[in-house]
Amino acid sequence: MSDEVYYKDVKVPKLLTGLINHMSTVEGYREELSNLGNQWDLLTILGQMSGTGMDMTDTRLGFQRLTSELLGQLGLETLKTTVQEIGSKAQVAVDIVIRNLFERTADIGFLATDDDIRAYLTSLTDVEEQIAIIRQQGECDSPQPGVAHLRADQADRKARIIERFQEYVAKYSVYFNIILLDPQGNVVVQLDEDNAVEHSSDPLLQEALTTHAEYVEAFRATDLIPARERGLIYGYRVTETNEADSRPLGILCLCFRFENEMAGVFKNLSNEGDWSVLSLLDKSGRVIASSDTNHIPLGAKMEIDPTADFRLTPFAGREYLATTCATKGYQGYFGLGWYGHVMIQLEHAFDKKSSSDLRQRVAPEILDAVMNDPRLFSEDLRSIPIQADHIQHELERTVWNGNVRESDGQSKVLLWNISDAGARTKMVFEKSIGNLHETVVSGILNDVQFQAALAVDIMDRNLYERANDCRWWALTSAFRTILAQPEKTPENIETISAILAYINGLYTVYSNLFVYDANGRILAVSNPAEARIVGTVLNEDWVRDTLSLKDSQRYSVSSFSATPLYDNRHTYIYGAAITDPEQPGQCVGGIGIVFDSAPQFCEMLLDSLPRNEKGDVLEGCFGLFADRKRTVLSSTDERFASGDILDMDQAFFALPNGEGTSRIISFQGYYYAVGARTSSGYREYKRNDGYQNDVIAMVFVPLAEVAERDKRIHRRREMGVAATTRDGGPDCIELATFYIGDKWLGINALKVKEAINTDGITTIPGAHPFVIGKILYDGHIINVIDVRTELKLSQEPYDAASPIVVMETGNDCVGLVVDALGEIPEVCMDRVDKKKNVLDASGQYVECMIKPQPNADNKELLVVIDPEKMVDALIGVCRK
């Protein structure tokens, strides 16, 4: 491992400097392995002094090297998990706000062209001119009833504008004030009567009047809202017409509920017991919003590096792990250059995330399959258990051979201690790697649930805007006036069409907008390509619902279904009633807005999927929206089309509003980590506006292919060499035991040479199936056989990692492939049963059976075979 430093007595990656000492789990394993390392040092010395040839130096060095690699990888994966978690929060914190503010830029652009606002500003000039004329004609000190009348009319117009502002904010509840000023900066009307401002000198006003941009955006202190320390304001000049060189009449300002919005964002991103502090920074790095102002106060200056995955940063006398993310932008909009920023105290950054419920959420066989799949972990990490297995198998073989060869009691005790140390070392490695696997899998499950929550939050926020749009556009004065007329002229229809087209140009999330009369007959559309539907009479339920609405706060929504209004594709159509301006309770028609669901929903899902370092969606990942009936609304995977029914556990679709889950499931040939979250609305949308339409967002991350696993390898990894057992007494035999399949077999130790590995084995063309090949042993070429079939076991592919037991068969030797080596017990003869018909009906090569001790937990019989007779039997098979 390159670029390493010492942490206590272990080499670790330099990246972990200053971090690993805060990782309690890693430190726990370091201490445990360090204690075992001391034991290995002692056993190595004893082995060298024993004269048995048991030099454990290579084994000790191998485990030391693996200890460094394991602890380094544990540290890196622990760091990666934390950095990914806080990085995701930082990215979402800024991007979700930017998505919201993008909608505000459209709002200010459209509201500034509102005919009622233009008419009011124009009337101000007209009234002042009329008053000037009256005063010139009359005596300055005499009563002037004409002036009073004009003032009264103007007050009525102002009241109507305030009512219109109230209607707007009732729908677009993200604003707390609307301010309308004349070109000189005088406030002519505002929604908030308590905002004590009559004139403003804010540079935003002059910029709005002169800029070539469509809007002006500012977040700072301003005399427009003097009672507040700062505000997020959108400004737009109001002109006589929509022409570029039209004369300005004034400036319109929308005041955004920034603090309120950020509180909601931070709440959605924070978990119970979460030590991280979320903040939003301006482009200079100063905190403009904080999830905990007592901890990270507003105005604090942060050290930032958006290009780094993380950084260690001191703040207020403590050290933090921090990450900063610039916004990815939305449809070309990047706002004011803000950053998402998350900090977590180092002493809590690596607190072990609970995975205690993992095996309750995931079936054990699925979890085992996933945690043994190589694609979840780095190559360095995957190599650790492989290397540990290799060293352990070599150790087991060496100890097994030592037990076969040695009869001295002290040597046996040394071998027992070596075997025990190896087994305990392996156990620590397996436990630590298993712990890491579960931590990583738990992290993935947490991530997919987080991403599903993000997807459904984006959807709720987006559709909130759609419900607002249709209601506000239904209040367009031209629509109301024209539809209230008994007859509509071609000029009237052209006026409606032009307004719809202008709106649709600003709000591109719709494929079409249309206005229909009280009979449901479509009068005009925004999209010329949809002109064919003009004159069509709509009979759908949502149209009847719309025409029955009496309240401007109410709206209707179609079911998510295929409709000819969207080329027979699935979508939502939002609708609101258009009422008579003189009789607001009288419905004279409605507006329908066709949400362009196919690209919009797909983009929402894509923005929520996990991505690699290059920014590409992780291979095999996909997301979808579905309803409670398991019907697909949208999917990023072409296998699932809108309207399809998902063959999945209904529990995913029965989650209460605002709640989520994550599980690992077997789905279409793969194990997937699946996160799900049910919609809960945004602000008043779907919460207290009477509309209910539950949507479940789901994110799928592939973990492993569903396949049969190699049970032999799994069994061999679980076994290892057991300690040598002794019944005691002179009348005993020593047995060398091993496993083939699920059979526990043994050979008299006097007939065993040793166990070897398969290096150098050569296959022989045309040989009998039980002959694996030949190998050079002690200067002689011997046969290597596999008797699995002869033992009436299912045939398994030959595993090159299997040990070979070299047996004496008369004057020759034969190698027997086994799955795992067992213990070397000394067994008293009173436990020996000479019956021979256990494995082979003719009793050709079973020497005896060993009965278990009466008080033994393991009641399995040990079958002892005679190598020479077994070879004779196999030769007989070949002759038949």
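**Figure 1. An open sheet of five antiparallel strands.** In this predicted model, the strands of the open sheet follow the order S14-S13-S19-S18-S15 with antiparallel pairing; strands are DSSP runs of E with at least two residues, numbered from the N terminus, and two strands pair if DSSP finds at least two bridges between them. Strand S14 (522–525) and strand S15 (556–557) lie at the edges with a single partner strand each, so one side of each has no neighbour in the sheet. Residues are numbered from 1 along each chain as its sequence is written. Because the model is predicted, local features need pLDDT of at least 70 and side-chain atom pairs count only at pLDDT 80 or more, whereas totals for chains, interfaces and linings use all residues, and side-chain values use heavy atoms, without hydrogens and water.

**Figure 2. The pairing of strands S18 and S19.** Strand S18 (residues 573–579) runs antiparallel to strand S19 (residues 587–595), and seven bridges join them. Ala577 is placed opposite Gly590 in S19.

**Figure 3. The buried side of helix H5.** Helix H5 (residues 203–210), where a helix is a DSSP run of H or I with at least four residues, has the buried residues Leu204, Leu205, Ala208 and Leu209; buried means under 20% relative accessible area and exposed over 50%, with partly exposed in between (1.4 Å probe, protein chains only). These residues lie on the same side of H5 because they cover an arc of only 135 degrees around the axis, taken from the directions from the helix axis to the C-beta atoms. The face turned away from the buried side carries the exposed residues Pro203 and Thr210.
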